[in-house]
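Please open the model in your viewer and keep the selection panel at hand. The stops below say what to select next and what is to be found there.

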Amino acid sequence: WTFDTGMRIVGSPAVSNGVVVFGSANYNIYGLDAKTGEVLWKHTTEQAVMGATTIHEGVAYIGGGDGKMYAIDIHTGVVKWTFDELKNYVLTRPLVYNDKLYFGTWDTYFYALRITDGSLVWKWSNGKSNPKLSPASVWPVAANGKVFITAPDRYFTCLDAETGDEVWRTNEYKVRETVGISKDGQMVYSKCMWDTIVALDARVDEVVPLWVSNAEFGYEHNPAMPMEKDGTLWVSTKNGVLLGMDAKTGKVLWRHKIGNSILNTPLPLSGKECIFTSSEGTITCIKVVR
């Protein structure tokens, strides 16, 4: 089946219990039947919806262009709560961790809300007044009581998940808007702006590099997250190149050029198989055969 909203779909959808949830630039958030594409419900907002969706325990979390974060029951379409104190639009995929929702926006802030009622727990700023330096594109990750983000200010930041206090913050590696984490929560990854992928120790409260690898992809500003699955780190670039790396050592295992445009955040199915989309309008499944 296909479903046409008539306008752009920017944020990645999410699916759970047979329901696909996503937003559109036509101001709507949709819940579709995953088997048929039938509209189960829709919620109309006040602006374009470009945020990616996260579903947790039957609730979809998605940010809009109207300065709101929404929590919606995926089965009924009922809005459980909204947080309306955002000063700009949401682009990221929110993170649920330890009963809180974490996300950044283009209003310079990074937020932590209670998932029960959407109340504010804390918000953090990198001290920059320019909204273009906000931690807004990065999909945050968390482990060991810490949340990890990057931003266009080229800093890698680790925050205490409970308080929002800075645990550490470094601009040594010139990271930008990308972050990933190993399944065991021991390593946190980021793609740097020139050739380099870095892995830091996610367990300790200081900056400890575990490996720094020259992946030879040149200048890079594509906000696509590195994704680890079964020991393989999948990395996509703005030049249509997909990389497979050893997640423990940083060794480049292979590289494959798909096209000449941006490859979005990959969706690995295993250490050998992955689905991804491109700005050329393609969706591809790749399988490593050696």
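Begin with Ile72, which stands opposite Val79 in strand 8, strands being DSSP runs (E, at least two residues) numbered from the N terminus. This is a predicted model, in which local features need pLDDT of at least 70 and side-chain atom pairs count only at pLDDT 80 or more, while totals for chains, interfaces and linings use all residues. Residues are numbered from 1 along each chain as its sequence is written, and side-chain values use heavy atoms, with hydrogens and water left out.

Now select strand 7 (residues 69-73), which is largely enclosed by the rest of the structure because four of its five residues are buried, that is, under 20% relative accessible area with a 1.4 Å probe and protein chains only. Strand 7 runs antiparallel to strand 8 (residues 79-83), with four bridges joining them; two strands pair if DSSP finds at least two bridges between them. Five residues separate the strands of this hairpin, where Gly77 takes a positive phi near 80°.

Move on to Ser213, in strand 20 (residues 209-219), which is buried at a relative accessible area of 11%. Its side chain reaches the backbone oxygen of Gly250 at 2.7 Å, a polar contact (a pair of N or O atoms within 3.5 Å; within protein, one must be able to donate a hydrogen and the other to accept it, and residues adjacent in sequence count only if both atoms are side-chain atoms). Leaving aside neighbours within four places in sequence, Ser213 is in contact (heavy atoms within 4.5 Å) with residues including Asp195, Ile197, Met245 and Val252.

Finish at Ser236, in strand 22 (residues 232-236), which counts as buried because its relative accessibility is 1%. The side chain of Ser236 reaches the backbone oxygen of Leu263 at 3.2 Å. Beyond its neighbours within four places in sequence, Ser236 has contacts that include Lys191, Glu220, Asn222, Val241 and Pro266.

How values were computed:
Buried < 20%, exposed > 50% of the residue type's maximum accessible area, 1.4 Å probe, protein only.
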